[in-house]
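Colleague: Could you walk me through this one? I'd like to start with the pocket.

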Amino acid sequence: MKEYKEETGKNILTNKDFTKVAFRSGILSGTYNYQTMMGAGFGAAIAPELKKIYGDDEEGLREALTDNSNILNTQVHAGSFLLGLVLSLEEKHAPREMIAGVRNALFGPLAGIGDSVIWYTVIPLAAGVFGSMAKQGSVLGPILYLLTWILLYILRIPIVTAGYRAGIAAVSKLNEKMEAFAKAASILGITVVGGLIASYISISLLPEIKLSADATISLQTDLFDAIFPNILSAGFAFLIYWLLKKGFKPTSLILGTSVAAVALSYLGIV
């Protein structure tokens, strides 16, 4: 990786930009798909700011939009922090390897934080308290519950800003160790993707080998899982990756996978 020199000078982005990004962060969920998950929404949410950063540099803008539209799956409130952090790195023209590594390494942990705080704590608590008020006939119950969602959305503004400020500080402090950090972030990102494979791809073989009247061997649990748990899921992921490299279109692979799944299920194989 080429040597990185932090670009100094007046910041291009302002608080007004952070506010716009925060309100655009809803695109992350609105553009969810099975190819890039929230990736397309992530790129779209910061596209105007990237254009502001790169100006007439069309090649730089193209690379930034492409990289920031790659696969990503996070929790939208906590993920707003990552929007600001990435923008700060883009503004300082950090190496593309570093930006991609940070992005891939953090979206998983941020999802865990956001899920725990927002989906498993704040929302259930608000629903329980305000739902109880509504059940007792208080009109404030549904109003306060709606206000909770509005407040959570508005809170994305300081979260985006905090990510941006943290990114600037990180760039300054890590300038001397940028290559090592980028490599470490990339390794962590690959580990996160590996975890996603095991979570999102499930292949289980149904056939069993009958040894005697009372003994049978399951191909899945007694053979494949005993040798290497999730080996079929990993193998399928690598197969899809290889086919993509060979030029197959994602839509064709999705259709082929669906047909194969129905056929193998009908035959009692999976």
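Colleague: Which helix gives the most to the lining of the largest pocket?
Modeller: Helix 12 does, with eight residues; helices are DSSP runs of H or I with at least four residues, numbered from the N terminus. This is a predicted model, where local features need pLDDT of at least 70 and side-chain atom pairs count only at pLDDT 80 or more, while totals for chains, interfaces and linings use all residues. Residues are numbered from 1 along each chain as its sequence is written, and side-chain values use heavy atoms, with hydrogens and water left out.

Colleague: How much space lies in that largest pocket?
Modeller: About 1600 Å³, where a pocket is an open set of points on a 1 Å grid where a 1.4 Å probe fits, with protein on both sides within 12 Å along at least five of seven lines, and the volume is the space filled by probe spheres set on those points. Its lining has 35 residues, and the closest to the pocket's centre are Tyr34, Ile201, Phe236, Ala237 and Ile240; lining means having an atom within 4 Å of a point.

Colleague: Which elements give two or more residues to it?
Modeller: Helix 6 (96–135), helix 9 (178–200), helix 11 (231–245) and helix 12 (250–266).

Colleague: And how many of the lining residues are nonpolar, polar or charged?
Modeller: The lining divides into 24 nonpolar, nine polar and two charged residues, counting Ala, Val, Leu, Ile, Met, Phe, Trp, Tyr, Cys and Pro as nonpolar, Asp, Glu, Lys and Arg as charged, and the others, Gly among them, as polar.

Colleague: At what angle do helix 11 and helix 12 pack?
Modeller: At about 145°, with their axes 10 Å apart; axes are lines fitted to C-alpha atoms over the stretch in contact, and angles run from 0 to 180 degrees between N-to-C directions. Phe236, Ile240, Leu243 and Leu244 of helix 11 make the contact with Pro250, Leu253 and Thr257 of helix 12, contact meaning heavy atoms within 4.5 Å.

Colleague: Changing topic, how do helix 6 and helix 7 cross?
Modeller: Their axes come within 7 Å and cross at roughly 160°, so helix 6 is roughly antiparallel to helix 7, a label for angles over 145 degrees. Among the residues that meet are Trp119 and Phe130 in helix 6 and Tyr145 and Trp149 in helix 7, and this contact has 15 nonpolar, two polar and no charged residues.

Conventions
Angles under 35 degrees count as roughly parallel, over 145 as roughly antiparallel, 65 to 115 as roughly perpendicular and the rest as oblique.
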